[in-house]
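Let's take a walk through this fold together. Have the sequence and the 3D view open, and we'll go from one stop to the next.

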Amino acid sequence: AILPPNYNAPFIDRNSFNCSNGLPAIAHPPCERWGRYWSGGPSFKVKKVLGDDRGCFAFALWYVRTFGGVIEHPEASHAWSFFGLTKPPKKGGWIKADSYGGLTCCVEQGHYGHSARKATWLYINRISPIELIWGKAEGKLAMEQGFHSAKERALATSSNFKRVKRISPKERVSTPPPFKDLLVYLVTGKAK
């Protein structure tokens, strides 16, 4: 979704291809085909195609480079490599992302109200960077607490394995209001 920076409602899905107002935007293109499990995961019968988001990330990148704004995507998004963006350091801080004047960083949403650490990559262009809370959000859950293979699952369930608390799928994809407000401030320079 690409949202105008002067939104007055909670973040909702909007068709990013209809955004043509020429104002800086807050963009979160679909990330399912760009993330760690872009192929659908080990249990999927038919593998998905890397980057198959119907051109949403490409449009968001063009829009933010042209009119300004921010793109938010999960840490380790394959879109960064695909579009030639420099991967930001996990410790945080803004770095040069590309030759178009873009900057990128890694920030954990756990610093801004998420119950998990939820490392997130941001890309900005034509707006000024602001200082964020960098580094690991201590005391927060990690996003990936599951098993990474059938062998790992079998080994854990056959022993006295203590399960780690997990967050719900809905909570995993949610963006906390303080982080949404931060993105609005980043784009507009105005607190909500």
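This is a predicted model: local features need pLDDT of at least 70, side-chain atom pairs count only at pLDDT 80 or more; totals for chains, interfaces and linings use all residues.

Residues are numbered from 1 along each chain as its sequence is written, and side-chain values use heavy atoms, with hydrogens and water left out.

Helices (H or I, at least four residues) and strands (E, at least two) are DSSP runs, numbered from the N terminus. Two strands pair if DSSP finds at least two bridges between them.

Let's begin with strand β5, residues 103-108. It is largely enclosed by the rest of the structure, because 5 of its 6 residues are buried. On one side comes β4 (residues 95-96), which runs antiparallel to β5 and is joined to it by 2 bridges. Here K96 stands opposite L103 of β5. The hairpin of β4 and β5 has 6 residues between the strands, and G101 takes a positive phi near 90 degrees in it. Strand β5 also has β6 as a partner: 6 bridges join these two, again antiparallel. In this pairing, C106 sits opposite W121 in β6.

Now for helix α5, residues 177-188. Its 12 residues reach 16 Å from the first C-alpha to the last, close to the 16 Å expected at 1.5 Å a residue; the expected span is 1.5 Å times one less than the number of residues. Which residues of α5 are buried? They are F179, K180, L182, L183, V184, L186 and V187. These buried residues pack against β2 (25-27), β3, β5 and β6, where contact means heavy atoms within 4.5 Å. After α5 comes G189, with a positive phi near 80 degrees.

A76 has a phi near 75 degrees and lies in the loop between β3 (69-74) and α2 (78-82). Its relative accessibility is 23%, so A76 counts as partly exposed. R126 has a phi of about 60 degrees, and its place is in the loop between β6 (119-125) and α3 (150-158). Is R126 buried or exposed? R126 counts as exposed, because its relative accessibility is 58%.

Methods. Buried means under 20% relative accessible area, exposed over 50%, partly exposed in between (1.4 Å probe, protein chains only).
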